[in-house]
Amino acid sequence: MLHIPCPYCGPRDETEFHYGAEAHVAYPEPNEVSDADWAKYIFIRSNPKGWLAERWVHSAGCRRWFNVWRNTVTHEFGPSYKPFTAQPEKPTS
Amino acid sequence: MTNEILNFTFDGSPYIGRPGDTLASALLRSNVVHFTDSSYKERPRGIFGLWVEEPNALVTVETGAGETMVPATTIELVDGLVARSLQGVGDLPDTRDNARYDKTNRHVDVLVVGAGLSGLMAAAEHARAGRSVIIVDDKPEVGGHLADLQREVPADLLDVLALPNVTHLQRTTVIGLYDQGYAVAVERRTDHVSTEVRSDMSRMRTWHIRADHTVLATGALQRPLVFANNDRPGVMLSHAAATYVDKFGVEAFKTAVVVTVDNQGYRDAVRLAHNGVQVIAVVDIRSKPSGRAVEAVKELKIPIFTNKTAVDTGAIAGGRVANVTIASAEGNNPEIINTDLVAMSGGWTPTVHLATYIGIKPTWDRACAAFVVRHKTALHSTTGMLSGDFAEDDEPMVFFGPILDQQQAEVAFVDHQRDATARDLRRAINAGMRSIEHVKRYTAIGTAHDQGKTSGTITMGLIGQALGLAPDEIGSLTFRPPYIQVPFAALAGRDRGLLSDPVRTTPIHSWHVNAGAPMEDVGQWKRPWYFPQAGEDMHAAVLRECAAARNDVAVMDASTLGKIDIQGPDAGIFLDRIYTNMFSTLKVGMSRYGLMCGVDGMVFDDGVTTRVGENHFIMTTTTGGAAKVLDWLEEWLQTEWPDLKVYCTSVTEQISTVAIIGPKSRELMGRLSPGLDVSNEAFAFMENKHAEVSGVAARIARISFSGELAYEINVPAWYGLHIWESVMREGADLNITPYGTESMHVLRAEKGFVIVGQETDGTQTPDDLGMDWIVSKKKDFVGKRSFSRADTSRAGRHQLVGILPDQGDYVVPEGAYIANASDANVAMPIKHIGYITSSYPSAELGRSFALALVANGRERIGERIAIPMADRVVTGVITDSVFIDKENSRRDG
């Protein structure tokens, strides 16, 4: 079970959270976006091997959404951060 | 040693043992060498190992809370124990396990797994540095191999266990290791004391441990060798044999031949010899063994045969081993030696299980002749035999067994519990298997209760031998939790029965129960399904309930509907973006039905939302969708539109909703709320009124999910039962009829109203459901952009329609496929054009009917269809999805 650092509550067990997939996927302006780019927004995520900035929601805690770096290989967590705040550097290790 | 005697029963016969015994040691001391027969080939088998590695000696424990299938080597003997040997397969008991189980959570600086010498040393180092430490060990005693050898654990290490910052858990097995230092351990608390099932203490306790650092000091298990008839009773691991003889006083073996690849075999030979066993020979595959242990064997004048190994054994009647054939690795110069114990030392196999659970790959260490784990990160480290820190003069040779011919290989066992042999391995290789994972699945090696504890490495070694590769070139060992068998009850702890999952009931639930209503589970909610009268089945009850709703008045407990209180100056704008239709224009005091879609344009939830104030809405959601919808709202508010001042709160549990429906509901509503003008002019459809109902302030909404005139009475939850009882009392002479979820489904389906999750599966747009009328063309909302995507706007999508089967008394099963009528008589498979989503008998229609999703359905209304069932083909016609009151004349009474 992952131990997820909620920026509001501190580290908590994974069972308290829901996953929100990749962070920083911008909501496109619907009237200006092409079909292809809209489909990309709906269906395509980057899914890298290694560090990925993800969204999580602390649904059984403060009910707040936040972003966090997670390594998809080691499951290690990097820094977490509140929405609309500066994104910390991608962890190097 | 005390002189206390423990009486126990094994396979129906009485035996005695003594404190400190395992069931296995006590049986061996009673000369039970032939323990059971193997599961598939029915070959005689004996106790083979010392602890959890035991592949043969499985038992069912019948006393205490009982155990279905556990190795006798891991059962601590207690007085009165009753056990029965198993031939590989146990039967699950059909009785309830009445023992108590518990769980606890711990956060520590350091978790040490294993309290052998290296684990103790690691614990001491961390504890002395002031860190909080949990040290866990699965054996009855601390000390690992030291305990097997009856050697004292250094006192300064024992002192550490008593430090206030150290928690010491003996008889506790770490069964799983997971991400971020999370470990699950199961502590056995009572079985070693007595057979009593205690009511004042849990039998087992599951520890959920989160450690900043985990030290793996899991030690090693001894490996067997693979030769013909290596499975006979009396062929054992040498460390196990020597420990049974030395520590437990087993006298079942008069003579022994030790077959070894390392110096451990010599140490065990010395222990056997010191305890009265005549060691006839040490047979060593190595050419020049050396070291202290070798010298000790020489001093005892025990003959040593070098460059030799065991190739076969012989047996006396009954199957017990009587002799061993030794020869060169190629099988040359065979020689038979009579003995009643063949003790094997095939090298050590470090217990790498926990390490592999978290993705650490063991590496093959040629000098250790073993897969070892040497790992050190901030989160984990390894020590002791797991890291290849074997006794300094072990000097093992990489050797798994002699070259065998086909006949020998057929009886050379690799996995005793699965009866899998060297021949099976050859078959797997000849069939093209190379990877250990493929071989495992082909041969079933490593898939029994012991999960390959003795067979894993030799499997890789033998594949390697056959292919001329080193074991690590075959693949890496991967294991999965749990490390040992664990009762489900131990993992569940107290969360059993009623506590296994929360049960949600409405404030009116007790009335439903007293009325004898069977309950339907809707998510965690218990909802009354139907209210049968004497002698009625569901079919009869539902027809009666629906008739009452259409002709008189009926009442339903709608309290489970999800309710979300939405407040803030931007609430209207927010709802405009979430729902497909407009809400910012809704007048205060009015309700509106709304549909919400995902970004993909597919219907996600629906419900009626009421504007109770300028900046205040109450949204209702489907019963099962409440939490999901609230999460959805929060996601948009928090991550896309933080500028909107909107606040959402679940009020599902706070409000009770009683719905009264039917032509006589106006009469009843007037009686319940005498001050309220219930005329259609004063209280129109979709209007809300605040009024007193039976003395309670209520919000009454004219909302209908049946097409009938209807009122929903909303009150604070604690008045729910009071309102319900008032409705029943005041409506007695109007044929007031309580109805459940089944009638609700029928009534709405007759009117063509969809249920999200029944008519939808996440691939329907509003237009697919014929609900284009609710989709605003003027504004943007979540999902709108997707309506113009090629796939969502294409022709031929499945659309909601009605189906009338020709045979009006036949209810088509929900989920049934629909085909063109012209395909009715073609052979299977028949091309389908859609499927049934809802199907019921209808009192109002006097026949059965269904809703369905059919390709291009709306254009096909009137067309004939066929529904192929297992035993026949049902025919019918596609109709409009609204079966009654297309002009909405009933809703105003």
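Predicted model: local features only at pLDDT ≥ 70, side-chain atom pairs only at ≥ 80, totals over all residues.
The model scores ipTM 0.96 and pTM 0.89, and within it chain B averages a pLDDT of 95, with 100% of its residues scoring at least 70. Chain A consists of 1 helix and 6 strands, and 20 of its residues are in contact with 20 residues of chain B.

**Chain A: overall layout**

- Read along the sequence, the secondary structure of chain A follows the pattern β-β-β-α-β-β-β, which accords with its count of 1 helix and 6 strands.
- Taken along the principal axes, the C-alpha atoms of chain A fill a box of roughly 40 × 30 × 25 Å.
- Chain A has 93 residues, of which 17% count as buried.
- Among the contacts in chain A with a separation of 6 or more, 49% are accounted for by residues 24 or more positions apart.

**Chain A: the sheet**

- Four strands of chain A form an open sheet in the order 3-4-5-6, and their pairing is antiparallel; the edges are strand 3 and strand 6 (77-81), each of which pairs on one side only.
- From one strand to the next, the twist of this sheet averages 30°.
- Strand 5 (residues 65-71) of chain A pairs with strand 6 of chain A in the antiparallel sense over 3 bridges, and the bridge partner of Val68(A) in strand 6 is Ser80(A).
- Ala21(A) counts as exposed because 12 other C-beta atoms lie within 10 Å, and the cut-off for an exposed residue is 12 or fewer.

**The interface between the chains**

- The contact between the chains involves 20 residues of chain B and 20 residues of chain A.
- On the side of chain B that touches chain A, the largest share, 5 residues, comes from helix 17 (residues 626-639) of chain B.
- By residue class, that side of chain B divides into 11 charged, 5 nonpolar and 4 polar residues.

**Chain B: backbone features in loops**

- A cis peptide bond, with omega of about 0°, joins Pro481(B) and Pro482(B); Pro482(B) has its place in the loop between helix 12 (456-467) and helix 13 (488-492) of chain B.
- Asn333(B) has a positive phi of about 50° although it is not a glycine, and this residue lies in the loop between strand 20 (321-327) and strand 21 (335-338) of chain B.
- Asn333(B) counts as exposed because it has 10 C-beta neighbours inside 10 Å.

**Chain B: a helix pair**

- Helix 18 (residues 665-672) and helix 19 (residues 720-730) of chain B pack at an angle of about 120°, with their axes 10 Å apart, and their crossing is right-handed.
- On helix 18 of chain B the contact is made by Leu668(B), Arg671(B) and Leu672(B), while helix 19 of chain B contributes Ser726(B), Val727(B) and Glu730(B).
- The residues of this contact between helix 18 and helix 19 of chain B divide into 3 nonpolar, 1 polar and 2 charged.

**Chain B: two buried residues and their surroundings**

- Leu425(B) has its place in helix 10 (residues 422-430) of chain B, and it counts as buried because 26 other C-beta atoms lie within 10 Å.
- Leaving aside neighbours within four places in sequence, Leu425(B) is in contact with Val414(B), Val439(B), Thr443(B), Thr459(B), Leu462(B) and Ile463(B).
- The C-alpha atoms of Leu425(B) and Arg577(B) are separated by 63 Å, and the two residues are 152 residues apart along the chain.
- Val259(B) is found in strand 16 (residues 255-260) of chain B, and it counts as buried because it has 29 C-beta neighbours inside 10 Å.
- With neighbours within four places in sequence again left aside, Val259(B) is in contact with Leu225(B), Val283(B), Thr309(B), Ala310(B), Val342(B) and Met344(B).
- Val259(B) and Leu709(B), which are 450 residues apart in sequence, lie 90 Å apart in space, C-alpha to C-alpha.

Technical notes
Residues numbered from 1 in each chain as written. Chains lettered and ligands numbered in written order. pLDDT = per-residue confidence, 0-100. Buried ≥ 20, exposed ≤ 12 C-beta atoms within 10 Å, placed from the backbone. Contact = placed C-beta atoms within 7 Å. Nonpolar A, V, L, I, M, F, W, Y, C, P; charged D, E, K, R; others polar. Axes fitted to C-alpha atoms, helices over the stretch in contact; angles between N-to-C directions. Left-handed = near helix turned anticlockwise from the far one by under 90°. Pairing = 2+ DSSP bridges.
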